[in-house]
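Trainee: Could you walk me through this model with a few questions?

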Amino acid sequence: MSRRFAPYIVAVLTGVASGVYIFKPLFEEAAANRNPIPPMNASTTSPGVPGKSPASSPSPHSSAK
């Protein structure tokens with residue numbers, strides 16, 4: 001029974017090994033070039049209640065016709 005599955009096991013191992021050999025340098029390069037995401041802090045967010053627009057900025061739909 002193992003003779004029946006031996007070619008499939010060899011094919012799977014060859015595919016996995018070649019995939020690692022081919023794509024590992026690409027993943028390492030992409031990871032090195034990736035920019036870190038800056039942390040969000042309270043000083044960069046707008047003050048006020050979430051969901052409410054500030055009173056000083058008019059709504060784009062409130063203009064006169």
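**Burial, helix and rings**

Trainee: What percentage of the 65 residues in the chain is buried?
Mentor: This is a predicted model: local features need pLDDT of at least 70, side-chain atom pairs need 80 or more, and totals for chains, interfaces and linings use all residues. Numbering runs from 1 along each chain as written, and side-chain values use heavy atoms, without hydrogens or water. Buried means under 20% relative accessible area, exposed over 50%, partly exposed in between (1.4 Å probe, protein chains only). By that rule, the buried share of the chain is 0%.

Trainee: Where does the kink in α1 lie?
Mentor: The bend at a residue is the angle between axes fitted to the seven residues ending there and the seven starting there. In α1 a kink of about 40° comes shortly before Pro 25, at Phe 23.

Trainee: Which class does the aromatic pair of Phe 23 and Phe 27 fall into?
Mentor: Rings of Phe, Tyr and Trp (its six-membered ring) pair with centres within 6.5 Å; planes under 30 degrees apart are stacked, over 60 edge-to-face, the rest tilted. The count comes to one aromatic pair. Phe 23 and Phe 27 sit 6.4 Å centre to centre with 35° between the planes, so the pair is tilted.

Trainee: Is Phe 27 buried or exposed?
Mentor: Phe 27 lies in α1, four residues from Phe 23. Phe 23 is partly exposed at 43%. Phe 27 has 61% relative accessibility, so Phe 27 is exposed.

Technical notes: Helix = DSSP H or I, 4+ residues; strand = E, 2+ residues; numbered from the N terminus.
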